[in-house]
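Here's a quick briefing to read with the model open beside you. Have a look at the chain first, then work through the points below.

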Amino acid sequence: MIYRVLTHKLPYEPKPRSGRPLVMDIRSDRRIQRMASSSKMLVREITRASRLHISKNTVYGRIIESDYMIQAKMACRLPLSKLHISKRLQWARNHMSYDDKWTTVLFSDEKKMEPRWT
């Protein structure tokens, strides 16, 4: 291959890639990644703010492809009601004088633990 390139009279040029050409350039990619990392914007909002004629799937793909961004789902939790807050506070006040008895309490998150055989 190298011998053929060096002995060939015409300059070496790689073959054009097949497929659809990219819509966005490197600057647009960086701008989208910067918007995603600096603020809590939705993909739809980033698409509108970028002023490019691209789909939200393209924006989402560019964010996922970036090396320094990590995708994580936010935990879904319902907010505590005032009744729950007051009951928790009352329970904590009742058990403040539990001192040495805390060493006998077994805390469990009710997960099934299995040994790892390595």
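Predicted model: local features only at pLDDT ≥ 70, side-chain atom pairs only at ≥ 80, totals over all residues.

Residues are numbered from 1 along each chain as its sequence is written, and side-chain values use heavy atoms, with hydrogens and water left out.

**Whole chain**

- The protein has 5 helices and 0 strands, and along the sequence that reads α-α-α-α-α.
- Out of 118 residues, 13% count as buried. Buried means under 20% relative accessible area, exposed means over 50%, and partly exposed is in between, with a 1.4 Å probe and protein chains only.
- The accessible surface is about 12500 Å², and carbon and sulfur atoms account for 57% of that; the areas come from the Shrake-Rupley method with a 1.4 Å probe.
- Take the contacts (heavy atoms within 4.5 Å) between residues at least 6 apart in sequence: 41% of them join residues at least 24 apart.

**How α2 and α3 pack**

- Helix α2 covers residues 26-38, and it packs against α3 at an angle of about 135°, with the axes 10 Å apart. That makes the pair oblique, the label for whatever is left once angles under 35 degrees (roughly parallel), over 145 (roughly antiparallel) and 65 to 115 (roughly perpendicular) are taken out.
- Axes here are lines fitted to C-alpha atoms, for helices over the stretch in contact, and angles run from 0 to 180 degrees between N-to-C directions.
- On the α2 side, Arg31, Ile32, Met35 and Ala36 meet Ile46, Ala49 and Ser50 of α3. By type, the residues of this contact are 5 nonpolar, 1 polar and 1 charged. Nonpolar covers Ala, Val, Leu, Ile, Met, Phe, Trp, Tyr, Cys and Pro, charged covers Asp, Glu, Lys and Arg, and the others, Gly among them, are polar.

- Thr47 is in helix α3, residues 43-50. Thr47 counts as buried because its relative accessibility is 13%.
- Leaving aside neighbours within four places in sequence, Thr47 is in contact with Leu52, Ile54, Ser55, Lys56 and Val59.
- Leu42 is in the loop between α2 and α3, and Leu42 is partly exposed at 46% relative accessible area.
- Leu42 and Tyr60 are 18 residues apart in sequence and 9.7 Å apart in space, C-alpha to C-alpha.

Notes. Helix = DSSP H or I, 4+ residues; strand = E, 2+ residues; numbered from the N terminus.
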